[in-house]
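This briefing goes through selected features of the structure shown below, grouped by topic. Please keep the sequence and the model at hand while reading.

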Amino acid sequence: MEKIINITVKVWRQKGPKAKGGFESHKLNGISGDTSFLEMLDILNEQIVSEGKEPIAFDNDCREGICGMCSLYVNGHPHGPDNLITTCQLHMRHFKDGETITVEPWRSAAFPVIRDLMVDRQAFDKIIQAGGYTSVNTGGVPDANAIPISKIDADEAMDSASCIGCGACVATCKNGSAMLFVSAKVSQLALLPQGKIEAKARAKAMVAKMDELGFGNCTNTRACEMECPKGVSISNIARLNRQFLTAKFSD
Amino acid sequence: MTKLEAKIPQGPLAEKWTNYKDHQKLVNPANKRRLDIIVVGTGLAGASAAASLGELGFNVLNFCIQDSPRRAHSIAAQGGINAAKNYQNDGDSVYRLFYDTIKGGDYRAREANVYRLAEVSNSIIDQCVAQGVPFAREYGGLLDNRSFGGAQVSRTFYAKGQTGQQLLLGAYSALSRQVHKGSVKLYTRYEMLDLVIIDGRARGIIARNLVTGKVERFSAHAVVIGSGGYGNTFFLSTNAMNSNGSAAMQCYRKGALFANPAFAQIHPTCIPVHGEFQSKLTLMSESLRNDGRIWVPKKIEDAQAIREGKLKPTQIAEEDRDYYLERRYPAFGNLVPRDVASRAAKERCDAGFGVNNTGLAVYLDFSSAIARLGLKTVEARYGNLFQMYEKITAQNPYETPMMIFPAIHYTMGGLWVDYELQTTIQGCFAIGEANFSDHGANRLGASALMQGLADGYFVLPYTIQNYLADQISVPRFSVDLPEFAEAEKAVENRIATLMSIKGKRSVDSLHKELGHIMWDYVGMARTKESLETALTKLKALKKEFWSNVFIPGEPNNLNVELEKALRVADFIEIGELMALDGLNRNESCGGHFREEYQTPEGEALRDDEHYAYASCWQYEGDNKTPELVKEPLVYEFTVRAQRNYKS
């Protein structure tokens, strides 16, 4: 009893960063419920190409929810109406027959549109480059078991480290804040003895870079946590704030 | 005829790498600054190499096709990374890891390379922990391990079901630190389109800016290819949508040999195909075979009823289930290597015992693990994988067995490299999945991450210096040299030709057709006839592609269809190489199974007398049959045997 639906896709088209964009509607029939959302866009693109037109540009790569490349605002939600998934893990069984589905790119000052649904997220790389690492070179490090780490800390660090850098947190935030992204990396490293040594300097450097790149402030609306495909918790933001304030006070 | 010199160092197996390092040439710090290295790719191999070379003081240019280096497909590796730490005191050692890898690869890899891989494996774990990679730990605070196929010890380190992600983010962090320092310059959303050769040495690349469509020139003293494997030749695979084999093919067409193209790995535990519109296949980690048990119904009428939807797997009584891996391979059971598990699944499905409405699936069942360990423990171990499965299939694996089927996952073949990871083109190196070196005819689980990071962190940063030491007085190259202009012109012409075809077929439709040919005739079981059929069909497909492909839009702008077309053109040629190599190799080994060559029990039958070599293919020109060059695989330290996972 496979579900088959007919839909209308209302999709954002924009030729380039400076061009004026607008919505375009396409009818699409006979979509099976087992089709993933991006496969639905593939089918739509085949239809568009067969008419001799340029297909809709959208970022995607692994299609299994881990690369963080896909970045669609579907019916008003980053990554669509289901929880704890990326757009590529969304399936058409979540939509109704006859439904109009609205698809937009991430909209945020720090993520300018490149074309259609594709945005530029290099700002995230720049924040990591500012301090999202431990300063160790290859080789000459101690044995992996030389420093025991409590399972609780290791597990918590893993939860923070599960961020995929997709930018849904920024896209959904009314302030366009990158605090969830920044705090996840700061927390992961601050929780581990290897990262603790540079914890304060890291927090300061990453926050400064975030401010410089035009991301907004955090006002604790928790929208980021709600929409994060990996369930990264805002308790990370609290930890970042502690790190940041201690760093500022010790200056 | 090309003679291949593998440059394997002298001495006993365990001393070769030390000997090499003791006697190789180095580059002093002042000279390193004057040397440019291009690294193509930012996966585990590319990112770790770029970071390590930057740390050493070289000037590195690092390219990736994604919008960020963190998105390279290494990110999707789930299960873990092997190392010979022997933290579990279960009898592991460098030698044992070496032996398992050589045996797992069905004795078609180089002994010296594999031993070095096992030797540096321990340093990788140390390095990752120092970077802040949150590996799983025991309550005492020490690192935890799990088991993977083809081994009888627990030597796999893991970070939930996201080990590849965590290792890549570690390498990405190290890379980002070098970008911050200015020793590495990143070029994201750039795709390499050709290798530039000056006086017989690799001196740069031509790359297309994927946002502007502009074709640009980049020069360097050496070029490192870390662009991954060519599994997407099959269209449907576990690879990411943009993973491709084009960088390797560009090197091949410029004179680098392509080794063992037929060796592709088919992973036994993937979510089955559900329809014609499907774009990719999703892997379910091999780690699931630690606790999951694979079975099909024992009675053919039960299988029939399940396919028709009249019976559920949970209604099949214990005694009516055929746990065929446990039955056939008592010593390794569900943890036999991937090639063995995949073929066994195919055998059962071909015999009519397959499930799912297609008959092309087997069960991976956790009910006995849940009964033995409790739901909580199973959830802690595999929760994220179960969630992933449920999101895709809308079935709950805690209540009903998962359905799985083999799919293309990894390619062991790739650019031929010597012990120094240098291709047959001087100054052109290949690392990670892009080279052919360490996995022979079959890769063991959790060894891809190990090899990628071994090459990038601990092997290439040494061996590339042995080459660059001669280059210290060579000044930087201008991209205005005629060799660059010529290469750029060739790229522009290729693009213009593709754009001008203006045919009737979309790129995807041609790629899908290629995938069907590959899966049907160059897939899990091959015959002389099937491979010959494939070659005929591929020739026709190539003609169809170059006369009937349609690419909308402009070349000098963002154009995803053009990107795909350039890759598919190369995939068709890779397909031909795979079929040709498979046809030449009249034996079965690892992932290459020729139906004519099997034991009475249906196991792979090697022919060491005639095929104990790496088959390397030399480009002879468009539409000409490439020349076969053999690198004999001399085994000095291990005895080749029929792989035995039964006792």
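Helices H3(A) and H5(A) pack with their axes 8 Å apart, at an angle of about 160 degrees. Since angles over 145 degrees count as roughly antiparallel, H3(A) is therefore roughly antiparallel to H5(A). The model is predicted.

**Helix pair H3(A) and H5(A)**

- The two helices, H3(A) and H5(A), cross in the left-handed sense.
- From H3(A), the contact is made by A:Asp153, A:Glu156, A:Ala157, A:Ser160 and A:Ala161.
- From H5(A), A:Ala184, A:Ser187, A:Gln188 and A:Leu191 take part.
- Sorted by class, this contact of H3(A) with H5(A) has four nonpolar, three polar and two charged residues.

**A:Arg239 in chain A**

- A:Arg239 sits in helix H9 of chain A, which spans residues 235-249.
- There are 22 other C-beta atoms within 10 Å of A:Arg239, and the cut-off for a buried residue is 20 or more, so A:Arg239 is buried.
- Leaving aside residues up to four places away in sequence, A:Arg239 touches A:Ser183, A:Ser187 and A:Ala190.
- One of these residues, A:Ser187, also belongs to the contact of H5(A) with H3(A).
- A:Arg239 and A:Gly216 are 23 residues apart in sequence, and their C-alpha atoms are 19 Å apart in space.

**Open sheet of chain A**

- Chain A has an open sheet of five strands in the order S2-S1-S5-S3-S4, and the pairing is mixed.
- Strand S2 (22-32) and strand S4 (77-78) of chain A are the edge strands, each pairing on one side only.
- Strand S3 (residues 72-74) and strand S5 (residues 100-105) of chain A run antiparallel and are joined by three bridges.
- Opposite A:Leu72 stands A:Pro105 in S5(A).
- H1(A) lies across S1 (4-13), S2 and S3 of chain A, and runs at about 105 degrees to S2(A).

**Contact between chains A and B**

- Chain A gives 65 residues to the contact and chain B gives 63 residues.
- On the side of chain A that touches chain B, the elements that give two or more residues are helix H1 (37-50), strand S6 (113-115), helix H2 (122-129), helix H3 (151-161), helix H5 (179-191) and helix H6 (193-196) of chain A.
- H1(A) supplies the largest share of that side, seven residues.
- By class, the side of chain A that touches chain B has 27 nonpolar, 22 polar and 16 charged residues.

- Strand S6 of chain B (residues 190-198) is largely enclosed by the rest of the structure, because eight of its nine residues are buried.
- Eight bridges connect S6(B) with strand S7 of chain B (residues 201-209), and the two strands run antiparallel.
- B:Ile198 has B:Arg201 of S7(B) opposite.
- S6(B) and S7(B) form a hairpin that has two residues between the strands.
- B:Asp199 lies in the loop between S6 and S7 of chain B.
- The phi of B:Asp199 is near 50 degrees, which is a positive value in a residue other than glycine.
- B:Asp199 counts as exposed because it has 7 C-beta neighbours inside 10 Å, and the cut-off for exposed is 12 or fewer.

**B:Phe235 in chain B**

- B:Phe235 is found in the loop between strand S9 (222-225) and helix H7 (246-253) of chain B.
- B:Phe235 is not a glycine, yet has a positive phi of about 60 degrees.
- B:Phe235 has 24 C-beta neighbours inside 10 Å and so counts as buried.

- Strand S14 of chain B (residues 362-365) is covered on both faces.
- On one side B:Val362 and B:Leu364 are buried, and on the other B:Tyr363 and B:Asp365 are buried.
- S14(B) runs antiparallel to strand S12 (residues 293-297) of chain B, joined by three bridges.
- B:Arg293 stands opposite B:Asp365 in this pairing.
- S14(B) also pairs with strand S15 (residues 402-411) of chain B, in the antiparallel sense and over three bridges.
- B:Val362 has B:Ile404 as bridge partner in S15(B).

Definitions and conventions. Residues numbered from 1 in each chain as written. Chains lettered and ligands numbered in written order. Predicted model: local features only at pLDDT ≥ 70, side-chain atom pairs only at ≥ 80, totals over all residues. Helix = DSSP H or I, 4+ residues; strand = E, 2+ residues; numbered from the N terminus. Pairing = 2+ DSSP bridges. Contact = placed C-beta atoms within 7 Å. Nonpolar A, V, L, I, M, F, W, Y, C, P; charged D, E, K, R; others polar. Axes fitted to C-alpha atoms, helices over the stretch in contact; angles between N-to-C directions. Parallel < 35°, antiparallel > 145°, perpendicular 65-115°, else oblique. Left-handed = near helix turned anticlockwise from the far one by under 90°.
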